[in-house]
Amino acid sequence: MKTFTRLLVAACLLLITPLALAWSNLGHRMVGDIAERHLTPAAHAQVAELLAGEPEPTLAGVASWADELRNDDPEYFKRSSRWHYIKMTASCAYEPEQNCPNGECVVAQIERQTALLGDRSQPLAARRDALKFLVHFVGDVHQPFHSGYRDDKGANDFQISLTTDIKPEAYARSRYVDGVMGTNLHSIWDYYVLTSRKLDAKTYADLLDSSSPWPTPAKPILATDAPAWAGESCRLIDARHLYPDGHKMDIGYLDAQRPLAEQRIRQAAYRLAALLNETLTN
Ligand SMILES: [Zn+2]
């Protein structure tokens, strides 16, 4: 009986242990954190006003909200779950009628949420949600496999056995056996490529933001640029050989691809800052 009780307690603890990191939390946090450092004072004041009352009222603090809806508001998550990605055509072109029917894709949602955010006649709550979605979606569209073209659900169907000492997130722990993680290529990019650098979000964001000077965009960054960002992501998949030859992987792949992942985080952050400056300052 004692053993049974102990097992029961252990099982309950497992169930109530919160996820250490939400889905790909590290990358999203860094996008929000770096972007916030490059806001104009006027845009920054608007962001502070919109996020007042949030548990963590910063762009980093709300960057994973759109993913956390999965547990916090399943109905809202269901309605918005198609907004995190797009399946492009084989030529990596954006054909709205074909790959974004009814605006149900990340590209159209970046445009829609930007319009909502910039519309001062909208209720504050609607503009706050728009800001939280935008921080997340600009991050997502820069993850190459959120804008893929193959019929494999953004490489979610491409299985990987990863030899790693990185502990998986709580929900995936049962698939980590003897140092080998059963996962897929999408998750490798969402989580393992960046996490394997073993830095906390703040230290990592400091490093990426200081790694080279802030590039001044040649022209204003607008939400209508989102199709181009999706196109870049899509073309990177083949240009940078993101699909490995086999299904076994170790730190070699993660190390080789990490500079590209870091570059996409920086691009997402700088573009998000410029977009917010444009939308909230004018
Ligand atoms: Zn997402």
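This is a predicted model: local features need pLDDT of at least 70, side-chain atom pairs count only at pLDDT 80 or more; totals for chains, interfaces and linings use all residues.
Good morning. Helix α13 gives the most to the lining of the largest cavity, with four residues. Helices here are DSSP runs of H or I with at least four residues, and strands are runs of E with at least two, numbered from the N terminus.

Residues are numbered from 1 along each chain as its sequence is written, and side-chain values use heavy atoms, with hydrogens and water left out.

Let us return to the cavity. A search of the whole structure finds one cavity of 30 Å³ or more. On a 1 Å grid over the protein atoms alone, a cavity is a set of points where a 1.4 Å probe fits but cannot get out; a pocket is an open set with protein on both sides within 12 Å along at least five of seven lines; and lining residues have an atom within 4 Å of a point. The largest cavity has a volume of about 180 Å³, where a volume is the space filled by probe spheres set on the grid points, joined across faces, edges and corners. Its lining has 17 residues, and Gly27, Gly139, Gln143, Leu194 and Ile265 lie nearest the centre. Two or more residues each come from α2, α9, α10 and α13 (251–281). By class, seven of the lining residues are nonpolar, seven polar and three charged. In this scheme Ala, Val, Leu, Ile, Met, Phe, Trp, Tyr, Cys and Pro count as nonpolar, Asp, Glu, Lys and Arg as charged, and the others, Gly among them, as polar.

Next, the largest pocket. It holds about 630 Å³ of space. Of the 33 residues that line this pocket, Tyr85, Lys153, Gly154, Asn156 and His186 lie nearest its centre. The elements that supply two or more lining residues are α5 (65–72), α7 (96–99), α9 (124–142) and α10 (185–195). The lining is made up of eleven nonpolar, eleven polar and eleven charged residues.

Now to the metal. Which residues coordinate the zinc ion? They are His84 through ND1, His136 through NE2 and Asp140 through OD, at 2.1 to 2.2 Å. Donors are N, O and S atoms within 2.8 Å of the metal (3.2 Å for Na, K and Ca), and water is not among the atoms, so sites may look incomplete. The spacing of the donor residues in sequence is H-x51-H-x3-D. Because histidine 136 and aspartate 140 are four residues apart in helix α9, about one helical turn separates them. An α-helix has 3.6 residues a turn, so residues three or four places apart point the same way. Both histidine 136 and aspartate 140 are buried. Buried means under 20% relative accessible area, exposed over 50%, and partly exposed in between, with a 1.4 Å probe and protein chains only.

Helix α9 also contains histidine 142. Is histidine 142 buried or exposed? At 1% relative accessibility, histidine 142 counts as buried. Leaving aside residues up to four places away in sequence, histidine 142 touches Trp229, Ser233, Arg264, Gln267, Ala268 and Arg271; contact means heavy atoms within 4.5 Å.

In α5, the residues Trp65, Ala66, Asp67 and Leu69 are buried. The buried residues of α5 pack against α2, α4, α6 (74–80) and α9.

Finally, the charged pairs. Side chains of opposite charge can pair when their charged atoms come close. The structure holds 16 salt bridges, each a side-chain nitrogen of Lys or Arg within 4 Å of a carboxyl oxygen of Asp or Glu. One of them joins glutamate 56 and arginine 29 at 2.5 Å, N to O. This pair links distant parts of the chain, 27 residues apart: glutamate 56 is in the loop between α3 (41–51) and α4 (59–62), and arginine 29 is in helix α2 (residues 25–37). Glutamate 56 is partly exposed at 33% relative accessibility, and arginine 29 is partly exposed at 24%.

Arginine 37 meets aspartate 206 in a salt bridge of 2.8 Å, N to O. Aspartate 206 lies in helix α11 (residues 201–210) and arginine 37 in helix α2, 169 residues apart. Arginine 37 also meets aspartate 209, at 3.8 Å, N to O. Shared partners join Asp33, Arg37, Lys202, Asp206 and Asp209 into one network of salt bridges. Thank you.
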